[in-house]
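Please read this short briefing alongside the model. It covers a loop residue, a pair of helices and some strands.

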Amino acid sequence: MLKNLINPDRLNDYWRNIDKNILFSFLVLFFLGVFFSFSSTSSLAGERLNKDFYHYFSRHFLFALLSMFIMFLISYLKISFLQKTILPIFLVSLILLILVPFVGVEIKGAKRWLDLIFFRLQPIEIIKPFFVLLTASLICKNKDRSNYSYFLSLILLSFIIILLLNQPDVGQSILLITTWISIVFISGIKISYILLIFGFLLLFGIALLTAFPEKFGYITLRLNTFFDPSKGDSFQTDKALAAIKLGGLKGQGMGEGILKESVPEAHTDYIIAVITEEYGSIISILVVTIFLYISYKIIKNCIKINDKNLKISLCGLSSLLIFQTFIHIGVNTSLLPTTGMTLPFLSYGGSSLIGSAILAGVILNFTKNRFKNNE
């Protein structure tokens with residue numbers, strides 16, 4: 001098995017057929033994540049937590065290396081084998097998500113992680129790309145019963161959303177809902193059905209807020225604070241906006257930012273604000289441009305692909321990547337209510353990096369030039 005994997009001819013075919021523009025873009029994002037982790041976590045570890053200055057940086061670096069290995073491995077696998085693993089891995093990840101309320105680790109009032117000794121795993125990060133792939137597969141396999149497949153995927157989405165809201169994790173819930181809507185829209189569903197589904201989800205959300213005000217009251221509070229900052233605590237958002245303004249065009253210089261010292265978890269939820277404060281808006285715009293370029297290349301590849309399943313899967317993965325990026329940026333710039341969303345590839349966190357690596361690996365695998373070679 002191993003001998004077959006490292007076969008020189010197959011390695012040559014892999015390198016010849018891989019989309020090097022997308023691959024290089026992902027590698028640049030991983031590199032930038034490691035670099036920004038060094039400047040955003042050193043003072044946090046050394047001055048506030050009395051740990052080695054390179055504690056968080058070294059962990060991020062190791063997870064980045066592991067994530068890049070996962071990305072290359074997934075992109076190297078045969079597409080037939082990769083598609084067979086979608087359902088088993090999704091089911092295992094879903095079971096882990098179900099276990100979170102019972103054996104999960106609670107941090108700052110949210111129970112989203114499982115303690116795996118070496119690191120804390122956030123199951124939803126693994127579920128997201130496989131949910132996209134499973135939804136696309138359901139839609140494409142049930143051609144004669146397309147409405148049934150949409151309903152089945154909606155039930156699956158609703159089940160995951162209920163588990164997420166129980167943690168609670170509204171940000172990931174919104175991300176999954178918007179990604180799912182984009183998938184069903186791309187698949188060709190009628191606009192009237194999308195509006196009906198959107199109305200159902202909206203009524204479902206209002207019903208939860210009304211029925212369980214103690215459990216989900218914080219959502220109402222965040223919305224009220226977003227529309228009227230005087231009605232709640234907008235400390236984090238105000239600090240992030242101030243940091244972005246302070247950074248200006250060129251930034252304050254590496255390590256000179258103060259946001260990472262004043263806002264908890266700035267190296268995860270507010271990393272784009274930290275980057276802007278220290279390196280300026282030019283670098284932040286460059287980061288956003290890389291994400292947009294990846295999406296552009298994915299869509300360009302989709303035009304060449306005849307396989308509907310691959311086409312919908314790629315569009316869904318691209319939507320997942322872009323929506324998560326802009327939700328993170330929207331929160332940092334006060335365009336959206338606070339959700340606690342990481343920035344793919346750049347935010348600190350092993351689960352986030354591994355989830356990003358899985359997404360990147362699948363995208364690289366599906367955009368290879370095998371369609372002409374009949375792999």
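Where is the place of Phe-345? Phe-345 lies in the loop between helix H16 (308-332) and H17; helices (H or I, at least four residues) and strands (E, at least two) are DSSP runs, numbered from the N terminus. This is a predicted model, in which local features need pLDDT of at least 70, side-chain atom pairs count only at pLDDT 80 or more, and totals for chains, interfaces and linings use all residues. Residues are numbered from 1 along each chain as its sequence is written, and side-chain values use heavy atoms, with hydrogens and water left out.

**The loop residue**
- Phe-345 is not a glycine, yet its phi is positive, at about 75°.
- Phe-345 has a relative accessible area of 0% and is buried (under 20% relative accessible area, with a 1.4 Å probe and protein chains only).

**Helices H4 and H17**
- Helix H4 (residues 55-76) packs with helix H17 (residues 350-366) at an angle of about 25°, and their axes are 7 Å apart.
- H4 is therefore roughly parallel to H17 (angles under 35 degrees).
- Residues in contact (heavy atoms within 4.5 Å) include Phe-63 and Ile-70 in H4, and Leu-353 and Ala-357 in H17.

- Strand E1 (residues 105-107) and strand E2 (residues 110-115) pair in the antiparallel sense over 3 bridges; pairing requires at least two bridges found by DSSP.
- Val-105 has Trp-113 in E2 as its bridge partner.
- The hairpin of E1 and E2 has 2 residues between the strands, and Lys-108 in the turn has a positive phi of about 55°.
- E2 also pairs with strand E3 (residues 120-121) in the antiparallel sense, over 2 bridges.
- In the hairpin of E2 and E3, 4 residues separate the strands, and Ile-117 has a positive phi near 70°.

Note on methods:
Axes fitted to C-alpha atoms, helices over the stretch in contact; angles between N-to-C directions. Parallel < 35°, antiparallel > 145°, perpendicular 65-115°, else oblique. Buried < 20%, exposed > 50% of the residue type's maximum accessible area, 1.4 Å probe, protein only.
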